[in-house]
Amino acid sequence: MKLTPSKLNSFTAIKLPSAFLCGVRTKVLNNKQCITTVKHRWINQNPFKSMFWAVQGMAAEFSTGALMIAKIQESGKKVSMLVTSNNATFTKKATGKITFTCNDGLKASEILEKAISTGEGQTFWMKSVGTNEAGVIVSTFNFEWSVKEKS
């Protein structure tokens, strides 16, 4: 069963209710990229009338993690995945609809193939950039993922 944005949104509602209630939604998922969005609302705001950083982090992480989930599913193997480190930079207040884009699908494929062929765990960084409706970057998140084929 191929992953689609609709299936990922259903998954979010059931398995990640905090992200779903805060408005994190998957819009695009293909071989090269994943795009998620989240809209600034009362439930996800901070005291400074912008989006709470952790909500941005949920949407950003999901854009990287959904790509990994899709790649693992395509491989047909059982692979564990875990975020081992992350960092973020915030450059503008996040208000309105924020779109997070991760373009690391091909990199994820290469690393996953290496993990499966060698049997050794691999770590690598994936980046998700958040932009507002005007196309201005509001935040950039980097997540270090660890992947290893289960024995």
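**View 1. Arginine 25 over the ring of phenylalanine 20.** A charge sits over a ring if NZ of Lys or CZ of Arg is within 6 Å of the ring centre and within 35 degrees of the ring normal. In this predicted model, the ring of phenylalanine 20 has the charged end of arginine 25 over it, at 3.9 Å from the ring centre.

**View 2. Phenylalanine 100 and phenylalanine 141, an edge-to-face pair.** The whole structure holds 4 aromatic pairs. In the pair shown here, the ring centres of phenylalanine 100 and phenylalanine 141 are 6.1 Å apart and the planes meet at 70°, so the pair is edge-to-face. Strand β4 (residues 97-102) carries phenylalanine 100 and strand β6 (residues 137-149) carries phenylalanine 141, so the pair ties together parts that are 41 residues apart in sequence. Phenylalanine 100 and phenylalanine 141 are both buried.

**View 3. Phenylalanine 141 and phenylalanine 143, a stacked pair.** Here the ring centres of phenylalanine 141 and phenylalanine 143 lie 6.0 Å apart, with the planes at 5°, so the pair is stacked. Phenylalanine 141 is buried, as is phenylalanine 143. Through ring pairs, Phe90, Phe100, Phe141 and Phe143 are linked into a cluster.

**View 4. Cysteine 34 and cysteine 102, with no disulfide.** A search of the whole structure gives 0 disulfides. Cysteine 34 is in no disulfide, and its nearest cysteine sulfur belongs to cysteine 102, 7.4 Å away. A disulfide needs two cysteine sulfur atoms within 2.5 Å, so the 7.4 Å between the sulfur of cysteine 102 and that of cysteine 34 is too far for a bond. Cysteine 34 counts as buried, at 0% relative accessibility. Cysteine 102 is buried with a relative accessible area of 0%.

Note on methods
Residues numbered from 1 in each chain as written. Predicted model: local features only at pLDDT ≥ 70, side-chain atom pairs only at ≥ 80, totals over all residues. Heavy atoms only, no water. Phe/Tyr/Trp six-rings, centres within 6.5 Å; stacked < 30°, edge-to-face > 60°. Helix = DSSP H or I, 4+ residues; strand = E, 2+ residues; numbered from the N terminus. Buried < 20%, exposed > 50% of the residue type's maximum accessible area, 1.4 Å probe, protein only.
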